[in-house]
Structure formats: structure tokens, C-alpha cells
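Hi,

Here is the structure I said I would pass on to you. Have it open while you read, and my notes on what turned up will follow below.

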Amino acid sequence: MKTWFKSFLTLLLVLLVQVSFAQQKTITGTVSDEGGPLPGANVIVKGTNNGTQTDFDGNYTLKASVGDVIVFSYVGMNNIEKTVDNQNVINVVLKSSNVLDEVVIIGFGQQTRKSALSSAVSTVTAKELEELAPSTSLDNMLQGKAAGVQVVAQNGKPGNGAFIRVRGVGSLNGGEPPLYIIDGVRASADDMAAINPSDVKEMSVLKDASTTAIYGAEGANGVVVITTHRGSNKEGSIRFQSRVGYSQKVADNFTMMNAEQKLQYEKELGIGTGASATDAEIAQLISQNHNWQDDLLKKGLLTSKSISFTGGTETSNYFASISNDTDGGIIDAVNAFNRITARLNLDTQVKEWLTLNLSFSATHNVTSDPRDRNNAQNPFRAMYDYNPYETLYNVDANGNIILDANGEPTYNLTHTGFPIAEAIRTNPESLKNTTFWASIGATIKLTDEISLNTRFSPKYNVYTREYFIEPGSILDGYVGDPDKPGIKTDNGSHNYGYSFVNQANWTKTFNEKHNVNVLALIDYFYTEFDSYSLSSKGFSNPDISVQSVAAEATAATTAKSNAASLAYAVKANYDFSEKYIATATFRREGNSRFGANSKFGNFWSASLAWNIAKENFMSSAEFVTDLKLRGSYGVTGNTSGIGRYSHLTTLGLGSYNNLNTLFPSQVGNRNLKWETSKQMDIGLEYKLFDGRLWGVVDYYTKKSEDLLQDRPLSGFGGFASITDNVGSLKSSGLEVEIGGEIIKTDNFVWTMGGNINFYSTKVDKLAGGNDIIMGNLILREGENAFTYYVPRYAGVNPANGDALYYDTEGNIVLDPSGEEVLLKGKTPFAKLDGGFYTSAKYKGFELSANFSYRYGNYIMNYMEWNMLSDGDNANDNQRVDAFNYWKNPGDTNVLPKPNNNSNQVTDRFLQDGSYIRLKSLTVGYTIPQSYLSKTPIDSFRIYFQGQNLWTYTPYYKGDPEVGIGSGETQTTVLIPGEFSLYSYPITQSYSFGIDIKF
């Protein structure tokens, strides 16, 4: 009986176990790594085909039975196995294996492992951003970090961004900036100053048609996808960051005359004060010697403070931050830049099948700086033009400052007639930008394979500018009304836009090897722009400048415009065990900017990749970790260079004898169509020696056709031009990126790397084969785009000191007028550029340096044209080398004889702008965790950073990093680096910071 009972009990237990094992239930959870959720991680019941992948937020849902073993895997991570017990939620944190496989964000909610990518994408991570010297504009931090991305700072003005060109020039408008996507929201280059860099998790630069075609026209010039931090299902954490430092002007690589030298120069030329002053007067003036930069500039205070909160539960997570950044700038008496940003990212799983996402950001910034123009109203011209013997304030014969009736110092007008130091204080200008972004999305999981996503992403910007010429100011005396003193201008705009995207995603794995993903979407985008401008005069008090107190309104204008686009797109990805990869994209897009006959365009791409390292025949090459060959081809569109209504014939409104009038204002073009870009890319990616050495090589070609440009008309119809499709450009380039861990031990890691990028863009075709001349630049078939077109300087005649020039045939002439020629190979665009870096870490200590460089670009140095003016501008201060002019027959290697009409704009002032610059140097220390174990602090890092500490530029006189030459002078097509003309100079900075995590 006892034996029978034991047997019966054993059988019963076995049956109960079998029943319990057979009971399937739903298991949910999140897969993450140390940095947060992992999208695309594999979750499979061991020994079966039952599996799924995590979604965008690392969440998964899987049917399993008690006793099943679930395998969690991700490329570059160690697998984790979990046995199903009574729990319904299983969360895992995967640890990195020896070989990391980067996750790349490619937009529209898609993320993929780099090993499964068949296109050209460069990424910059949050860690890399931390090692760079901070900037008030995020795009500046891309310089030298992403292969194939040309980054030139607009200038040194706080809050200003950079000119970014992905793979060179792609249009007749000097190349347009890429499209920016911030957490799904469209943004412009101007918005980069509205982002807190500490909020950024990663930036991905999409460079070839395989990844940009899905964005249609907006992706023709590349796409920069910016992803901010999100929460995770971990215990809440707090991060506080603070930085303080100062900025200053980068020192000149030339020397201006001091008082004694300038007076001597004036005496030699018989011009100005020095020509007629007595010896006693000369001595007095020499005693007044000073450097105007000391009077007009300062060391600008830099501060940055931010705090962020991160955390979540099993079903919800959050990231919130707020920051304040200030940059006082280098102009005395001006606080240049102040920005406040706030961000909130929320994700919540409302139901097992429904996830909601919210991203919200608000930014308010204020900038205050004098006008960027080419006259004495610009302090950066005034500090060079003012003579060193001219005083800041008016002084009497004893050198005492002369005061006004209120006891305030009176400013010296100088020889220019305008005291910029007074204008900075009495002609204030303030610009304010307030921007709100939001992205609200919902993901519905219909099955383990099919999901739907809808996302609404609005953006709203308010811009205001106030410019006040105070009553009684020097400028008011020149341009104001003496009966109604003081002038006030208010102008601004409201810019509102939104995108509404609906997409469906299907993911399926067949036989554990064939992975298929199909994305289909509808993308609608709308934007509207309203602007106003108000002016008035007559203010009784300089402290009150609102328009309502003015004596007389003088002008008022308003404007409004809108635009919209609608697109349908599909993208399919396939890979066979990530060994063979194929991607295809198609997008059909309509845009309101184009004529009725060509509103819609079709854009597509296809790409293939082969992970050679996964082949069996590579098993003997143990030193090869990864080796992937890929290629892509596609067609994208472009709308750059045209207005919102260029396709329409429009009428203008006016008045005549107090009656309203109508007049033709623009001739339309119903056939105006898309500018298209056909791109081909071949790339090779590799990792060697267990990932210790890595790199990428890309070769690409791009042909831009049906370029959008104003085409000249005969004028008989009353119009000078019509917007049309007029030509084509051909571009090609080579990108090489390499990096490696030179030394790697438990306590010490030394890493080095860099990239070099070669560019070539030639004009393939123009309307009628006719040249297009744009100032000192020319577009000509068969030549480099935007080649300089100026007369050639032939030196100085040693017999008489005359300046000599070449005519168009190469003969020596005295007058360069009409002798402009194309200077083959000389353009504002670099033939090659890039960056390189080194980083060393020993225990808690770290040292990193980042360099950037350019080679082969040319800059028209108008500043040198003024500073070596051959006597034409001798009343202004000159460089010391202006003394080296022709004096006697036989003199060689000299400047022309002064006052001989020799100061002409020729290639004499066209200089090679090649340079190497130490962009940032960081020294830091992280306190060991053992010292913090009894405190609430998880980590504590301190660091010192320097920016623009050293520059080598062998040919160019001035700072070679030229973007904007002169903000108010470049009113037509802005070609970055075309010329230098006293724009806000690049600054160098030194700062100290702390980074604390709780």
C-alpha cells in the first residue's frame, strides 16, 4: 500500500507540473543597457520559433509557459536567460560584450543596429559631446566629428550657429543646410541655439539617399536626427551640471600700428594729423597711445547651469530638465546672450497594446549686440579703424576728460565722426526668440508583428527685435529729426508649423534567419509665417521707448505666407542573419511651392550590404571583427532657393494720387518643378582586433539636376527674371574615418582617431550655357562651383612703384577694370577637411583633445584690403607692414606706391584659408565611487575645458574660420567663407565645470 501511494503521489505531481507548464501566459517587460532602453533587442523562447523584438522604448510582450527559458539578446551584448516562473513581468539589463554594435537612429521612429544598416550614417554620442568645449549652438559641436560634414562657424557671436553642408555643395544657392529632426519635430539651423546640449543623447547624420529618400525634398541636403534623453524603468536619478568661465577674442596674427608708427606713416604720405602736427603735438599724441581693443572689448563671462531628472516604473518613464546658459560676449557694456530651456519627455504603457509618448521643449533666449555691418557702427571695424592716438573720451589740453552738463564723459568722435563706444550704450538692440516644440505620439501594437503609430508634432516660434536710437545720441544727431528726437523700430514674426505622421510597421522573422521590416507612412506638413515692422520718432525720455509714447509713427508693414506638403512613403528592410542586407524606399510628395504642372515628385532609393565577416571563409581571419561592404543609389528632391509663391504670377499693391493701385510684381512659372539629386554611395566599414581598430571608407557621387535659380529675362515684358530650373551640378567625394584604442589596460585607455574628407563640385550645365556672375564668384560649365572671378595682380613695377595687373590674355596692364578672369581651382569651399582627436584615461583622470582642419579654400580678405590700403584709407589705422611700400627705383618685394590708385580688389587679397585648430582641450577627474559610498552622490566629475586654444594658418592674415563676412553686406546668396569683412570674430574660452549624479 505504501509503495502504491508513493507511486500515485509521484504520478499526480508529474501531471500537475505538466498542466502548469502547459498554461501559457503573457510576459511583458523592458530590455535595457546601462544607457537606457534597447530597441530591437531579441526576446525568444529558447529552442522554439516563438519570439519578438523590443519596440522603440525597449518594451516587449511575449506568450510563454511556466518553465520556459526566455533568451534576451542584442548584438554587442552578452545574452541573458530567464526562466518563467509565477511572474508576469521580466525586466533585464544587458551588459556589453567585448565588441560593441552601435545603435543608429535613422528617423521616423526607426532604430537599427549599425551591423544591420546598409547606408552611410555618422553618429555623435552624448559622451563625445561632453568631451567637446561647449557651444551655445549645438551644430558648432559637429565640427570635425562627423565624416563628410562640413562645419564652419557663422562667426563668434554668442548664440550664432554654424554653416553645415553634408557632402559639399548641392545647389546654386551655395549649398543648403540639412534638415534637422529633434525627437520627430522638424527644425531649422536657427533652432540649434535653442537646444541644451546636455539634453542630447545622440546625433545621427544621414548622408546618402538610402536614409534620406524617405524625407523627400527636405532630405536632399542630408538629415541630422537629434535624439534627446528619455527615462528608463530604473530608480530615479538626478544630474546637476554647472560651468563657469570666460571668453576672449582670438589674438590677431598681424600687428596694427601704434601711435608713433601711425603718425610717422601719415607724415611720410602727407595725409592726416601726422602730416601737419608740430613736434610738441606729435609728442602729446604719442603719449595718448592705446589699443582700441582694450577700450571696446572685454573678457566675456560664461555660465551654464542645468539639472535633469530621470527615472520610471515598469510601465512609465520620464526625463525632465531645465537649464540656463549665458555668454556675455566680448563687447564691452553688452550682455550678449541669455538662454533658458526646459524639456519633458514622457513614455507610458497605458495598455499591453498601447504606448503613449510625449516630448515637450520650451526655449527663450535674448541676444544683444551691435549691428554686423561694414562701417563704424560695427565695433569690430572701429577697433581697427580708429587711430591709436585718438582718445576714447574728449580731453582738454591737460589731458583731463571733458564732461557734459550731467557730469558724464563726452565721447571723442574720432576721425570717423562716430564713437562706437557711445553708440553701444545709447543705440541698444535686443532680439528675443521664444520657441515651443512638442511631439505627441501613440503606438498601437496589433500583434507581435504589426504596430501602428500616429504622431502630431507642432512647433511655434515668436521672434521680436527692438532697436532704439535714443534721443540726444550721436547717431540721432545724424539720422534723426531734431524736432522729434529719438527713433524706435520694433519688428518681429510668428512662425507656426506642424507635422502629422501616420505609419504602420510590420516586422517578421522567418526560420530565425530571414528578417523583414516594412514601414508605410503618410506625412503631412504645414507652416505659416506672419511678420510685422513698426517705426516711430519723437521720444522725450531715453528710458521709455514703447511705440505708444512716440510723437509720430513713421512706418508700419505686415506680411504673411504659408506652405504645405503631403507625402506617401514606404520603406522595406530585409536581412539574412544580418549577413546580406537590402533596403528599398519610395516616397511620392507634393509641395505647394511648385507649379500646377509639377506639384508632385517621386523619390526613391535602394541599398545593399554584405557583412563579409559573417561568412564561414572568414573564420580563419580571427583579427577581423567586422567587415561590411555596402552600396546605395537613390533620387531625392529639393526646394531650396525658391520662395513660397515663386510659381505664381502676382500683383503688387500701391497708391497713386491717394488712390489704390495694382501692378504686376512677379511673373510665375506653372512648369516650375522639383530640383532633384541622384546619389550613389559605396562604403566599407571595418573593425579589427576585437574592435580595437575601426574605420569607414565612403566614395560617393551626386548629380543635382533642374537646379532652382532666377533666370534672366529680356526685360521687354517688365520683369528682369523668372524662377526656373536652369542647370545641374556634379559632386563627388571620398570620406575616410579611422579610430583605435592604442593602449587598453584595466586602468589606462588611450584612444586616437580622425577623419578626412575630399570634395569636388563642378558645374555640369547652365541655362543656355551662359555664365552666372555673383559678385566676385562665377558659375561656369565644366568648372568648380563658385570659382573666384577677379582680376589678377602682377606685382609692383620696380622702376616707378606702379601696381601691375594681367589682362584677360595674360599681358601686363596698369588698369584692372574689366580684366576679371576665372581663377581655376580657387573657391571658398575646402578641397578637403576633417578632424582628429586623442583621449587618454587613467583611473579617474581623463585628458582629451579635438582638432579640426581645412585645406584648399580661399578667402577674399577685405580686412587686409583696408589695412594695407596703399594710402587710400590712410586716415584709418593701418597694419605695420603698410610701411613696406615702394620708395626708390629698384625696390622689390614691396607694396605699390601709395596714393596711386593701386588699392583694387584683385587676387592680391585672395588668400589660402587652410588651417589646423585645436578646437577643444579637456582635463577632468571623476572621484572614485568608494569615496562617495556613504553619500547620496553616485558620481562626481570635475573638469577644465579650453576652446580654440591654438591655430596654425600659414597663408591667411586674420582668423581663417570665416563664415559670415559681414552680416548686413551679404544680402544676396550667402556663400560661407567667401570674404572677411569685420564680422564678429571667433573667440577662445576657458571654463571650469562640475557634473554630479545622484
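Are they buried or exposed? D764 is partly exposed, at 29% relative accessible area, and K703 is partly exposed too, at 26%. Before you go further, keep in mind that this is a predicted model.

Now look at another salt bridge, between E685 and R630, where the closest N and O atoms are 2.7 Å apart. E685 belongs to strand β33 (residues 675-688) and R630 to strand β30 (residues 624-638), so this pair ties together parts that are 55 residues apart in sequence. Here the two residues are buried: E685 has a relative accessible area of 10%, and R630 has 4%. To see why they count that way, remember that buried means under 20%.

E685 and R630 also belong to a network of salt bridges, which links them with R167, K207, K628, D681, D698 and E735. One more pair to find is E741 and K744, whose side chains meet in a salt bridge at 3.6 Å, N to O. K744 is partly exposed, with 46% relative accessibility. How many salt bridges does the structure hold? The count is 49.

Next, the nonpolar parts. In soluble globular proteins, nonpolar side chains tend to be buried together. The largest nonpolar core in this model has 53 residues, and the ones with the most contacts inside it are Y384, I420, L779, F786 and M860. Several elements supply at least two residues each to this core, among them α8 (379-385), α9 (420-426), β24 (450-469) and β48 (858-861). There is also a second, separate core of 25 residues, which includes V149, Y180, A194 and V205.

Beyond its neighbours within four places in sequence, M860 is in contact with residues including Y788, V790, V905, T906, F909 and F979. What about T906 itself? You'll find T906 in the loop between α11 (862-867) and β49 (910-912). T906 is buried, with a relative accessible area of 0%. Leaving aside neighbours within four places, the contacts of T906 are V790, P791, Y793, Y805, P816 and M860.

Last, the surface. I238, F309, Y318, L344, L346, F360, F436, Y460 and F998 make a nonpolar patch of about 680 Å². L346 lies in strand β21 (residues 337-351) and is partly exposed, at 33% relative accessible area.

Cheers

Technical notes:
Residues are numbered from 1 along each chain as its sequence is written. This is a predicted model: local features need pLDDT of at least 70, side-chain atom pairs count only at pLDDT 80 or more; totals for chains, interfaces and linings use all residues. Side-chain values use heavy atoms; hydrogens and water are left out. Helices (H or I, at least four residues) and strands (E, at least two) are DSSP runs, numbered from the N terminus. Buried means under 20% relative accessible area, exposed over 50%, partly exposed in between (1.4 Å probe, protein chains only). Contact means heavy atoms within 4.5 Å. A salt bridge is a side-chain nitrogen of Lys or Arg within 4 Å of a carboxyl oxygen of Asp or Glu. A nonpolar core is a set of buried Ala, Val, Leu, Ile, Met, Phe, Trp, Tyr and Cys residues joined through side-chain atoms within 4.5 Å. Patches are made of residues with over 30% relative accessible area and no salt bridge: like charges are joined within 9 Å, nonpolar side chains (Val, Leu, Ile, Met, Phe, Trp, Tyr) within 5 Å. Accessible areas come from the Shrake-Rupley method with a 1.4 Å probe; for residues, only the protein chains shown count as cover.
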